[in-house]
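Please prepare a briefing on the structure shown below, with attention to how its parts meet and how they are laid out.

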Amino acid sequence: RSSCGAPAGRMGLEPLFQAWSYFRRRKFRECADLCSQLLERPPGEQELDSEYTLFQAAWSLKTRALTEMVYVDEIDMDQEGIAEMILDENAIAQVARPGTSLKLPGTSQGGGPSPAVRPVTQSGRPITGFVRPSTQSGRPSTVEQAIRTPRTALTARPITSASGGYVRLGTASMLTNPDGPFINLSRLNFAKYAQKPKLAKALFEYIFHHENDVKNALDLAALATEHAQFKDWWWKVQIGKCYYRLGLYREAEKQFKSALKQQDMVDTILYLAKVYLRLDQPVTALNLFKQGLDRFPGEVTLICGIARIYEEMNNISSAAEYYKDVLKQDNTHVEAIACIGSNHFYSDQPEIALRFYRRLLQMGVYNCQLFNNLGLCCFYAQQYDMTLSSFERALFLAENEEETADVWYNLGHVAVGIGDLNLAYQCFKLTLVNNNDYAEAYNNLAVLEMRKGHIEQARALLQTASSLAPHMYEPHFNSAILSEKVGDLQRSYTAAQKSEEAFPGHVDTQQLIKQLKEHFSML
Amino acid sequence: MSLFKAREWWSTILGEKEEFDQGCLCVADVDNSGSGQDKVIVGSYMGYLRIFNPHPVKHGEEVQPEDLLLEVQLCEPILQVEVGKFVSGTEGLHLAVLHCRKLCVYAVSGTLGNVEHGNQYQIKLMYEHNLQRTACNMTYGPFGGVKGRDLICIQSMDGMLMLFEQESYAFGRFLPDFLLPGPLTYSSRTDSFITVSSCQQVESYKYQVLAFATDADERQETEKQKLSSGKRLAVDWVLNIGEQALDICVVSFNQGVSSIFVLGERNFFCLKDNGQIRFMKKLDYSPSCFIPYCSVQEGTVNTLIGNHNKMLNVYQDVTLKWATQLPHIPVSVKVANFQDLKGVIVTLSDDGHLQCSYLGTDPSLFQAPKVDSREINYEEMNAELKELQKIIREATKTQDVLPESEKQRDLIVTAEVSSDLDAESQAIDSEVKAEVVPSVTVKITIQSRVTVQKPSLTVCVQAPLAVTCDQFIFEDLEPDSSETVVLSVFLKENCSPSELEGNCMVLYNIPTELNPEGIPRVAQCNFNLPLRLICFPAQPSKAANHKLTIDTNKPPVTFPAIFPDFVDLSEGDQANALGFQFLTGSKTTLLASKTSQRYRIQSDQLEDLWLITKELTHRLEEHFKKQSCKDFACTFSGTIPLQEYFELVDRHFELRLNAEKFQELLSERAVQFRAIERRLLTRFKDKTPAPLQHLDTLLEGTFREVIALADAAEENQANMFQAFTKLKSATHLVIMLISLWQKLSTDQVAILEATFLPLAEDTQEL
């Protein structure tokens, strides 16, 4: 009964079904290959009609598979280039009221930590616990400042234009198809495809995500939404996405709002909030998120969005509250755990931070940064036995020289903490060996050299540090002190002024400046 | 990322290299044992059908063979297995197996043996339907509200719903606007089929509507199911979810509320009966399968969602309640009741890993791999540490961030300046207005003792001088080999240089054992250029603005002896006067006193004195050295021309201030330009363009201003460069005069030069 010639190997599965199944299991490469075979097959003996639908189905499936291979959630993509920032015609008030803008990092209401306690990025924001695309780019106020920001390995300098990043992602078409692009966009008749919604949606995603051809994608979307008589919210969201990429934020806002009127969707809310953030209206974005939470209570991405905005506005305590809310909904949320952890660390609670980081470790996050943080927490929580082994592991796990440099830098701190200046000196040297533009290490080395009395060395190191990281106040302040000691009051004054610019509230700098001014008036 | 892993209760690996997908797993009491004990039915794409009755295994033991109740190979791939009341006249459960072109319904029965492993199970084919179209998936249920039996609906790859009333084929309908099949399910509350179409919409079709549409083409129906039945179906409701769906499921745990759960590729939706969203959740991973399994709390539904990160998440509505690690990526997940264990999670991976597990607080077995650590022998370590520290101390003594130069060079670079000017000038693009711009050939030789990788030579002369080629890149050099390049130096810009020196530098890598890429090294050498390069002999002139007198302690030397290249012997009459005509136009005259031991240099420009003075002292020293006369010395007793020097300083300072002013103006205009651009952009972007209100004129005006300013700034920069060169020459001269006057030693001159002489370039930082 059950023996019927037992066909060896693969049994006769329908190729299209096989491809469809591969797609569902996310085996996109296999799926695309099978579809290609189907598409190459010459028109068979079957009647044309069904052959045509089969052809269309395979075409659509391949399009989807190629798209999925390179898919990155558009919400997570955020790079703001200099051109976008400077030619931002949406800026209304040059000087925003405190707490309503993301452009002035200093305007915190919630009592953000001072740069003396928590290090800042080059744009003057406190360092966050989790690296996101937007934490990397600063928002300089003028084009001159943007250009002058030094470019280091871990740069906060904005890329020259947003298209730079997209182009890099867009090379996907070369990667996935050695024989040239699968669809030749210039030959497509968009009007024809726009009338077939079943094909058009997959085609749009292909053009947008795989080819990164926003202009053509927009053309298609505009035709399609017209064909759908402006009743399909999905097309509006896609048009909004295109507008966003093209920098037409007000137009994007219109589309997203119109889509939200038709159908509440989490993604649409996130896109709209992104537009508001780009328009520098964090308060509107916050309100939108809160409205969204009324509609979708407990949606993690929305709560997380609120927390990120508060964090960017330097309102760390509110951010921490919302991150805690995130954990109530999803206690495996790595970003929330990491941010709460780093927040505790910088508010002098290393023991609590340690618990959060340990949690991450238990969850299977296993990388250099985590052990780095664990090591520091252990050190400041006086668990010295764990400190060195954590750093040892961090060194072992470091994937590139930048990470190794970070570990050595922290080890240098530990060495300073236990008073072994020789070891500290060597650690900082090792930091520089691994990452030649580590400004903090230059600064600390200079302090050590100063203690040894090597003034020239110290001065050279401080100069390097301040040219690498003009946003840090420490090198400026140190060189001011140094110059003052050797009697070079002019240089001391210039450096002190730079230090004050970087950190206006630094008391020691102010005192130094006062002292110097007295000197000058005496002369 | 999870803290815990799923605790394995029972697991096995099915076959070898078989493929499984979503429909291949089914859990039911398929043999109607009545004990309420579920069996696990698995079909594979290779055509194997297996039925398991899992028993708990003691730790470390193999799966008992009697757990496998049945294994048969059917002749076609199995796309889906379902269990339901498929046979008319009985309410017993039967097994429906979907093949590509066939639907078979089997009865599964067991015969008890004397001992447990004597039990026998077999399947018996109750009926089968051959399909005219390739099947994709199926759903079943009491369509139309029939009691006590289940009907089957099969979706074909090309979008036809084929309905079977048990042993007989009922009808087939085409779904409208079909492209690729989506998941299909039946909702008994609304008596409708729900699917997700290629248009990314959830669509619901009433069974009634499907059935009534039959009337239209019943005649064709008799012909064969193959023929497409054409009437367009009316959709009950549609919800656009904006993505493709992986699976769809209808559940109602408490009476009155039934929910449709849709697992999309990026979101998870719960819909009401009428197609409105009850809630949705954005997933931050790629889901692979899901099952809503029960309602623990009134009004909420618990769902298991598996994903491609090998995780299984338990949600209560949208709140994550538990996350657990699985050993594989599940393609299908079910919840089953076994003997004395309820709610076992059954998962199947696409390579045939079948596992029954339960949730527990077993930590996810992530163990950080051991760091490469050795046994610590403290004495040895201490000795090693001391040794290393010694090395480090040595190293820090001898070298630092800027390594000291090595005594023995592996690579030597030498530059030889030919004594004569080039017969044919090699000058390119010279801005000097002289008729002929002379050039001089420099021959640079690189000699290497060891293997040298990627040597590259850079030749650098200070502007306004220039070289014909300043970059050379060579092949890797063998030990004891050499390379030679020839280039020419000439005066490029229309002003006199302050130094007649050049520098060449070789960058190379020396590979070592540890570092095959090579350690970067540098070798360099300086060369002096002849005075003839920038000036030529001319008639001496008596009158001049600036005069300097250098005293010596030896009798005067005739010019033909020290300036053979400038004195035309044929003239001879003016042996104590010599004229230098610079290429740039100015003239300097050198006079030797016939009686005293003095030389006088005079020129209209202060800065022109420098090169000649330097050349004179240099040549005199050389001359007397040749005559082995050691106590030769030059002195200067006149006044240092400070006033003229200060004028040069002021001129340069003024130009610097100008440069700053231009910079400010430029940035101001640039800001203005950008502001206008921004306004224009807003205008143009409007769908109904507003009048430009002369913004374009303003834009063009500003643009002109920017360009004019830039031109002015450039001119200023050129002037500043000249002033800078002049100042540099004058500074050199002043330093030299001071040193001659005070008879300073070389070290003291070096200090003076370090203090006064500016850097190589005139920058803002200066």
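Predicted model: local features only at pLDDT ≥ 70, side-chain atom pairs only at ≥ 80, totals over all residues.

Residues are numbered from 1 along each chain as its sequence is written, chains are lettered from A and ligands numbered from 1 in the order in which they are written, and side-chain values use heavy atoms, with hydrogens and water left out.

**Interface of chain A and chain B**

- Chain A brings 82 residues to the contact and chain B brings 71 residues, where contact means heavy atoms within 4.5 Å.
- About 6,800 Å² is buried between chain A and chain B, with carbon and sulfur atoms giving 56% of that area; buried area is the accessible area (1.4 Å probe) that two parts lose on being put together, summed over both.
- There are 23 residue pairs in polar contact across this interface, both residues being at pLDDT 80 or more; such a contact is a pair of N or O atoms within 3.5 Å, and within protein one must be able to donate a hydrogen and the other to accept it, residues adjacent in sequence counting only if both atoms are side-chain atoms.
- Helix α1 (residues 15-24) of chain A supplies eight residues, the largest share of the side of chain A that touches chain B; helices are DSSP runs (H or I, at least four residues) and strands likewise (E, at least two), numbered from the N terminus.

**Salt bridges**

- The whole structure holds 27 salt bridges over all chains, and seven are counted between chain A and chain B, each being a side-chain nitrogen of Lys or Arg within 4 Å of a carboxyl oxygen of Asp or Glu.
- A:R25 forms a salt bridge with B:E19, the closest N and O atoms being 3.2 Å apart.
- A:R25 also forms a salt bridge with B:D21, at 3.8 Å between the closest N and O atoms; this pair joins two chains because B:D21 lies in the loop between β2 (7-13) and β3 (25-28) of chain B and A:R25 in the loop between α1 and α2 (28-40) of chain A.

**Layout and annotation**

- The centres of domain 1 of chain B and domain 4 of chain B, taken over C-alpha atoms, are 78 Å apart, with domain bounds coming from an automatic or database domain assignment.
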